[in-house]
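Here's a quick walk through the model, starting with some ground rules and ending at the ligand. Keep the viewer open as you read.

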Amino acid sequence: MREQLAALREEGLAEVASAQNGEQLAAVEVALLGRSGRLTALLKGVGRLAAEERPLIGKLANEVKAALSQSLAAKQEELAAAELAQDLAGVGLDPTLPGPPAPFGAVHPVMQAARDLEDHFSSLGYVIWDGPEVESEANNFDALNIPADHPARESHDTIWMAEDTGPERFCLRTHTSPVQVRALRELGAPLRVVAPGRVFRQEAQDATHEHSFHQMEGLVVDKGVGVPHMLHAMNSLLEGVFGRKLETRLRPGFFPFVEPGFELDARCPFCKAGCRVCKGTRWIELMPGGLVHPHVLRSAGVNPNEYSGFAFGLGLSRIAMLRSNIDDIRWMMSGDLRFLRQFPS
Ligand code: FA5
């Protein structure tokens with residue numbers, strides 16, 4: 001039986017090698033290793049062998065089977081590659097040519113506005129600073145002089161993290177102002193930073209209000225900084241981002257972390273006599289700001305007798321709306337390609 005197995009191995013390997021295509025190879029496999037194939041037929045004789053011969057023959061049979069299976073697999077790969085090459089040659093395809101270009105996305109209008117503003121402020125010597133979207137209650141409210149009973153801390157305005165995270169409470173930041181405190185603590189005074197980023201509020205949505213939107217914080221702290229410096233920064237940023245002078249108005253505004261506080265509004269570009277975007281007022285609230293409250297400077301370890309500063313919180317999503325003529329903020333997060341394709345970068 002040893003000789004028969006050796007012969008099966010030699011002949012089998014030769015048959016595999018001479019197969020011309022997949023069909024022939026399949027037939028060779030069945031004839032060699034199939035249920036009624038030559039190996040099975042041979043092994044039927046094992047029962048007639050002496051008991052001590054049987055394990056040796058069994059081992060040899062396994063080796064033959066493994067050798068034939070291996071060569072069948074290798075041959076199958078070889079034939080498949082040859083068939084593919086033939087198919088490609090048949091259709092005149094050059095596999096070395098580059099494929100069709102992948103479709104490119106574009107930069108979202110909010111990010112386009114953010115990048116332009118970052119360029120504008122970098123050119124004025126500001127540092128771009130980043131803060132986390134999950135923020136501590138201490139940074140989001142306490143350090144900013146927002147009192148413990150301020151309505152903004154209520155759960156219908158602020159999205160709080162689960163309360164079992166420890167003694168400190170965390171929330172999704174409701175504005176980019178906590179980055180003022182973080183930047184001051186890390187960089188110290190004097191400093192000039194802008195911090196773009198996403199913020200979150202429990203908000204009834206409408207054409208100008210989203211629950212997740214973008215702001216850009218600005219903070220300048222130095223000796224002798226005052227309101228004229230703030231106004232210059234605000235107006236120059238609007239010119240930088242719109243490429244022209246916008247009609248704006250400044251009115252008093254209250255924020256616990258600035259004193260005095262202001263609101264800068266821009267003339268609504270969508271109407272002449274009031275619309276749903278400006279809610280009939282002809283003005284769009286764009287950018288509050290003011291002189292940094294001494295409490296904020298002190299929370300960050302800066303001496304308010306030595307330094308003063310201004311801060312502003314720009315509604316980046318609203319800037320993008322005005323700039324790109326988008327009359328409903330809800331388009332921004334819709335993920336609708338018909339909307340996004342209108343803003344190639
Ligand atoms: C603030 O968030 C203050 N942190 C801004 C600030 C910074 C004041 C520094 C003083 C000094 P306010 O809640 O008004 O303020 O939001 C700032 C701007 O974000 C608004 O003028 C508006 O343009 C935009 N904004 C506010 N709420 C929404 C909303 N739900 N959806 C889209 N944009 C909004």
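## Ground rules

Helices here are DSSP runs of H or I with at least four residues, strands are runs of E with at least two, and both are numbered from the N terminus. Residue numbers start from 1 along each chain as its sequence is written. The model is predicted, so local features need pLDDT of at least 70 and side-chain atom pairs count only at pLDDT 80 or more, while totals for chains, interfaces and linings use all residues; side-chain values use heavy atoms, with hydrogens and water left out.

Lys-75 sits in helix 4, which covers residues 53–90. Is Lys-75 buried or exposed? Lys-75 counts as buried because its relative accessibility is 10%, and the label means under 20% relative accessible area, with exposed being over 50% and partly exposed in between (1.4 Å probe, protein chains only). The Lys-75 side chain also reaches the backbone oxygen of Ala-17 at 3.1 Å. That is a polar contact, meaning a pair of N or O atoms within 3.5 Å; within protein, one must be able to donate a hydrogen and the other to accept it, and residues adjacent in sequence count only if both atoms are side-chain atoms.

Thr-96 is in the loop between helix 4 and helix 5 (109–123). With a relative accessible area of 68%, Thr-96 is exposed.

Helix 7 spans residues 178–187, and its buried residues include Pro-178, Val-179, Gln-180 and Val-181. Just after helix 7, Gly-188 takes a positive phi of about 70 degrees. Then there's a cis peptide bond from Ala-189 to Pro-190, with omega near -5 degrees; Pro-190 belongs to the loop between helix 7 and strand 4 (191–200). Another cis bond runs from Glu-259 to Pro-260, with omega near 0 degrees, and Pro-260 is in strand 7 (residues 258–267).

Lys-279 isn't a glycine, yet has a positive phi of about 55 degrees. Lys-279 lies in the loop between strand 7 and strand 8 and is partly exposed, at 48% relative accessible area. Asn-325 has a positive phi too, near 60 degrees. You'll find Asn-325 in the loop between helix 10 (316–324) and helix 11 (337–340), where it is exposed at 56%.

## Around the ligand

Which residues come nearest to the ligand? Of the 25 around it, they are His-175, Ser-177, Arg-201, Glu-203 and Glu-210; a residue is near if one of its heavy atoms lies within 4 Å. A polar side-chain atom of Arg-201 is 2.9 Å from a ligand oxygen, and one of Glu-203 is 2.8 Å from a ligand nitrogen. Gln-215 puts a side-chain N or O atom 3.1 Å from an oxygen atom of the ligand. On its own the ligand has 680 Å² of accessible area, and the protein covers 94% of it (Shrake-Rupley, 1.4 Å probe).

The elements giving two or more residues to the shell are strand 5 (212–222), strand 8 (283–292) and strand 9 (308–315). Strand 8 provides the largest share, five residues.
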